[in-house]
Amino acid sequence: MVAALSPPRILPSGDAAITVEFSRTIDEEANRRVLALDKLVASAGLAAVTETVPTYRSLLVHYDPLQIGFDALGEKLTELALQPLLEAKAARRWRIPVAYGGENGIDLEDVAKALNITPDEVVARHVGGDYKVAMIGFTPGWSYLSGLPSSMQMSRRQNPRLLTPPGTISIGGIQTGVQCLAGPSGWHLLGRTAVRTYQLGRDPTFLLEPGDAITFAAVDEKTFAEQDRAAEAGAFVAELIAS
């Protein structure tokens, strides 16, 4: 017998959006329900819904309040959220190349010391992880990944940096991430990838989607430089190994 799903919390987010909350913490099962509801809302064709934004633990639903009220939409979203979860289709899987350490990963040595292992072991553990895109946000293309091995989980930096390079691959808390654009970060920088998860003028503009599976592969600095030039010209660089 399939266990009954618990109802989500339906919360107002201003006068034209609803937050459907499945958990108050980062939770793999909650994220699965978020992504399932996102697909259900899209397939339901609700005319009043203008946009959905999936996160780790909740789905933000923007809507036109002139077409539907908060209570009516909340009831519909709850109904959809309580539908039995279908077996997930095989996710797209990407292999993302990373140049670890040196100027590309200035925190690699410090992370190794904090974990009491060698830098090579840090890289091996990170490459050996099996990750999923849980959400995209903060800046365009910033992909938050679940699945960081427990042996690599560590607190974020006490002093965040105001600027970190584009393409940074970093870890923070129980997460790892792919940062597309240069920006501030309090995470530990392990390396860089040439992959542009967001690039205007390219089709698709956003390469990764919530639910995609990710593996990393270590490359040397020469390969990184070559891939960076190719990516600047519009190449994906990331390898689609399953779809």
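Start by selecting Leu-207, found in the loop between strand E12 (188-192) and strand E13 (213-218). Strands (E, at least two residues) and helices (H or I, at least four) are DSSP runs, numbered from the N terminus. The model is predicted, so local features need pLDDT of at least 70 and side-chain atom pairs count only at pLDDT 80 or more, while totals for chains, interfaces and linings use all residues. Residues are numbered from 1 along each chain as its sequence is written, and side-chain values use heavy atoms, with hydrogens and water left out.

Colour Leu-207 by accessibility: at 2% relative accessibility, Leu-207 counts as buried (under 20% relative accessible area; exposed is over 50%, partly exposed in between; 1.4 Å probe, protein chains only). Next, show the contacts of Leu-207, where contact means heavy atoms within 4.5 Å. Leaving aside residues up to four places away in sequence, Leu-207 touches Arg-92, Trp-94, Val-195, Arg-196, Thr-197, Arg-202, Asp-212, Phe-236 and Ala-238. Then pick Val-122: its C-alpha atom is separated by 26 Å from that of Leu-207, and the two residues are 85 apart along the chain.

Move to the open sheet of four strands, ordered E1-E2-E4-E3 with antiparallel pairing. Two strands pair if DSSP finds at least two bridges between them. Strand E1 (9-12) and strand E3 (49-54) stand at the edges with a single partner strand each, so one side of each has no neighbour in the sheet. From one strand to the next, the twist averages 20°.

Select strand E2 (residues 17-21) and strand E4 (residues 58-63), which pair in the antiparallel sense over five bridges. Glu-21 stands opposite Ser-58 in E4.

Axes are lines fitted to C-alpha atoms, for helices over the stretch in contact, and angles run from 0 to 180 degrees between N-to-C directions.
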